[in-house]
Amino acid sequence: MKYIKLSLLICVTFLLFPSCNNDDDNTNSSTTIKGTWHLKNVRGGFVGINIDYNRGEVIYDFNLNNNTVDITNNILTIGPEDIYAGLDSGTYSIRIEQNGAIETLFIDNVDKGTIDLQGNTLQLDDNIAADGFLTEFER
């Protein structure tokens, strides 16, 4: 009888432990930010900027192998769309700093905000609560 109970206990243990894992589906954005992102919207600031961008106007291509981002900025007008589109076309160095669950993106050693990655949407929040901006990209 002891052997049956012990065998049953061992079987139940082996069936339950595989469901206990430590990968809570936390996706590290430093691996998923990789690739091409199109600027979609910039909003925030003291005056409440809210500018939508057309796909292809501003493109960020993150390369984590060499820690760079290639930016293509096709904004030709001078005005709010150009001012808030970010950096000019070029290749810039990047680094992602992790502080607990919060990841912050630095481009050429300038803090561009915390990373919030939701599927095909990337948001960089440079503290919108304190008159900063929320910059949104899509794949």
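A salt bridge, as I use the term today, is a side-chain nitrogen of Lys or Arg within 4 Å of a carboxyl oxygen of Asp or Glu. Hello everyone, and a quick note on the model before we look at pairs. This is a predicted model, where local features need pLDDT of at least 70 and side-chain atom pairs count only at pLDDT 80 or more, while totals for chains, interfaces and linings use all residues. Residues are numbered from 1 along each chain as its sequence is written, and side-chain values use heavy atoms, with hydrogens and water left out.

Let's start with the charges. Side chains of opposite charge can pair when their charged atoms come close. Searching the whole structure turns up five salt bridges. One of them joins Lys40 to Glu136, with 4.0 Å between the closest N and O atoms. Here distant parts of the chain are linked: Lys40 is in strand S1 (residues 35–44) and Glu136 is in strand S9 (residues 133–138), 96 residues apart. Strands here are DSSP runs of E, at least two residues, numbered from the N terminus.

Lys40 also meets Glu138 in a salt bridge, at 3.8 Å from N to O. Lys40 lies in strand S1 and Glu138 in strand S9, so this pair ties together parts 98 residues apart in sequence.

Then there is Arg43, which forms a salt bridge with Glu136, the closest N and O atoms being 3.2 Å apart. Because Arg43 lies in strand S1 and Glu136 in strand S9, that pair ties together parts 93 residues apart in sequence.

Glu136 counts as buried because its relative accessibility is 11%. Lys40 is partly exposed at 35%, Glu138 is partly exposed at 25%, and Arg43 is partly exposed at 24%.

Now for the rings. Rings of Phe, Tyr and Trp (its six-membered ring) pair if their centres lie within 6.5 Å; planes under 30 degrees apart count as stacked, over 60 as edge-to-face and the rest as tilted. The whole structure has three aromatic pairs. Among them is the tilted pair of Tyr60 and Phe62, 6.1 Å centre to centre with 40° between the planes. Both Tyr60 and Phe62 are buried. Ring pairs link Tyr60, Phe62 and Phe137 into a cluster.

Definitions and conventions. Buried means under 20% relative accessible area, exposed over 50%, partly exposed in between (1.4 Å probe, protein chains only). Helices (H or I, at least four residues) and strands (E, at least two) are DSSP runs, numbered from the N terminus.
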